[in-house]
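Please go through this model with its packing and voids in mind. The report below starts with aromatic contacts and then turns to cores, pockets and cavities.

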Amino acid sequence: MYSLECIDCGNKYAESDVVYTCECGGLLDIIYDYSNINIDMEKLRLEPPTVWKYRDLLPIKGKHVTIYEGGTPLYKCDRLAELIGVKEIYVKHEGLNPTGSFKDRGMTVGVSKALELGMKTVACASTGNTSASLAIYGAKAGIPAIVLLPEGKVAMGKVAQALMHGAKVLSIKGNFDEALSLVRKLCDEEKFYLLNSINPYRLEGQKTIGFEIIDQLNLNVPSRVVLPVGNAGNVTAIYKGFKEFTELGVTDHVPKMCGIQAEGASPIVKAIKNNAEMIEPEKSPETIATAIRIGDPVNAKKALRAIRESNGTAETVTDEELVQAQRDLAQLEGIGVEPASATSVAGLKKLVKQGVVQSSETVVCVTTGHLLKDPQEVIEACDKPIVVDATIKAIRDAVFSK
Ligand code: F0G
């Protein structure tokens, strides 16, 4: 049993309502009767490590559509910790989900809900990863998926996934924010099920990142969780997971949530720094990290609340800083991530330099998507392969050349 509640006016909606936002325009949260939920972490350890092991805290009771999402590794990164100057850094590598991003956690729940509600078509706007994920879960569920992408601004790996898994892929002559506003209209008019992160069921799946971090740290709470912010769903979702664990007595406090944005697309960071109640949407967001090239994040209100309530912070990084962090993760820790994901590590580096994060802290960085999502960026960021004649001499010359 749960209800959907408006975070602004408190209006409630039922499990059977097809609704994304409140009549008043406010965002919706899914609220459970926590007094009736018992979480036994020891027992849960015996279950397969997927999102669904937390089913008592998920809003789907019947059949669910799963491709074994979740259960991603939490790497202890000592070489990175030494470079950055923090006692302990862990990286939660969400790039190791079925489609290579954290979106799968939200889609397994969202597409399951679409089936429960009897919806016949699912749809989303996307900077890429959401579309890849919707396509694969739509395929598994056997329902058509429609995705709207900003033309020319989506990494190749993500478009390839959406196409191969059979989604109808539309390239919009506009940016992500415009595509999202259009798909919301389309869904309202055509009764397609909207699976962007404004849909609160998506966030329910994604909150399991928070549950897993606590489990993997043997019920210890890290001092901070640092992650990239785009449409601002994930920071909200992970915070909800941490909060629910305190509600249920699994932990007694939450980590500070730290949201990182690219300098050219940073409405959340500006609102936090200016102590503003709401964001100022940015009309022409720009960054090499196309996954988070977003100027008007729909979950801004929830995200600002998550960052402030947890005593967290928000910071920007430049494209150069995030590409350097992408290299650091790859070459010091063997963790291959796409550019947006590396903002977490670039942001942490900056926060340590500023003295905001202390060297005594235990920090978790979430890397949200896999390196192979955006091969073009990697080709441009790295040296080209060295072409040599097929002789041992030529190979030797190349190996030992400076
Ligand atoms: N990292 C990656 C790799 C992403 O793809 C996204 C969002 C984010 C971070 C930011 O997460 O939106 O919850 O704040 N990608 C969306 C998409 C917008 O369409 O794939 P957020």
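Tyr201 counts as buried, at 1% relative accessibility (buried means under 20% relative accessible area, exposed over 50%, partly exposed in between, with a 1.4 Å probe and protein chains only). Tyr2 also counts as buried, at 8%. This is a predicted model: local features need pLDDT of at least 70, side-chain atom pairs count only at pLDDT 80 or more, and totals for chains, interfaces and linings use all residues. Residues are numbered from 1 along each chain as its sequence is written, and side-chain values use heavy atoms, with hydrogens and water left out.

The structure holds seven aromatic pairs. Rings of Phe, Tyr and Trp (its six-membered ring) pair if their centres lie within 6.5 Å; planes under 30 degrees apart count as stacked, over 60 as edge-to-face and the rest as tilted. Tyr2 and Tyr201 pair edge-to-face, with 6.1 Å from centre to centre and 75° between the planes. Tyr2 sits in strand E1 (residues 2-6) and Tyr201 in helix H7 (residues 200-206), so the pair links parts of the chain 199 residues apart. Helices (H or I, at least four residues) and strands (E, at least two) are DSSP runs, numbered from the N terminus. Ring pairs also join Tyr2, Tyr32, Tyr34 and Tyr201 into a cluster.

Tyr54 and Phe245 form another edge-to-face pair, at 6.5 Å centre to centre and 65° between the planes. Tyr54 lies in the loop between helix H1 (41-44) and strand E4 (74-76), and Phe245 in helix H9 (residues 233-247), so the pair ties together parts 191 residues apart in sequence. Both residues are buried.

## Nonpolar cores

Phe245 returns in the largest nonpolar core: of its 94 residues, Leu134, Tyr193, Phe245 and Ile268 touch the most other members. Such a core is a set of buried Ala, Val, Leu, Ile, Met, Phe, Trp, Tyr and Cys residues joined through side-chain atoms within 4.5 Å. Domain 1 (2-40 + 102-197) and domain 2 (74-100 + 202-381) both give residues to this core, so it lies between them. The domain bounds come from an automatic or database domain assignment. A second, separate core of 31 residues includes Cys77, Val317, Ala346 and Val363.

Leaving aside neighbours within four places in sequence, Ile268 has contacts that include Val229, Ala232, Pro297 and Leu304. Contact means heavy atoms within 4.5 Å.

## Val357

Val357 lies in the loop between helix H13 (339-353) and strand E13 (362-367). Val357 is buried, with a relative accessible area of 3%. Beyond four places in sequence, its contacts are Val86, Arg224, Leu348, Leu351, Val352 and Val363.

## Pocket and cavity

The largest pocket holds about 350 Å³ of space. Among its 17 lining residues, Asp29, Ile31, Tyr239, Lys240 and Lys243 are the closest to its centre. H9 gives the most to this lining, with six residues.

One cavity of 30 Å³ or more turns up in the whole structure. The largest cavity has a volume of about 310 Å³. Of its 26 lining residues, the closest to the centre are Phe102, Lys103, Gly230, Asn231 and Ala291. Helix H4 (129-141), H7 and H9 each supply at least two lining residues.

On a 1 Å grid over the protein atoms alone, a cavity is a set of points where a 1.4 Å probe fits but cannot get out, and a pocket is an open set with protein on both sides within 12 Å along at least five of seven lines; lining residues have an atom within 4 Å of a point. Grid points are joined across faces, edges and corners, and a volume is the space filled by probe spheres set on the points.
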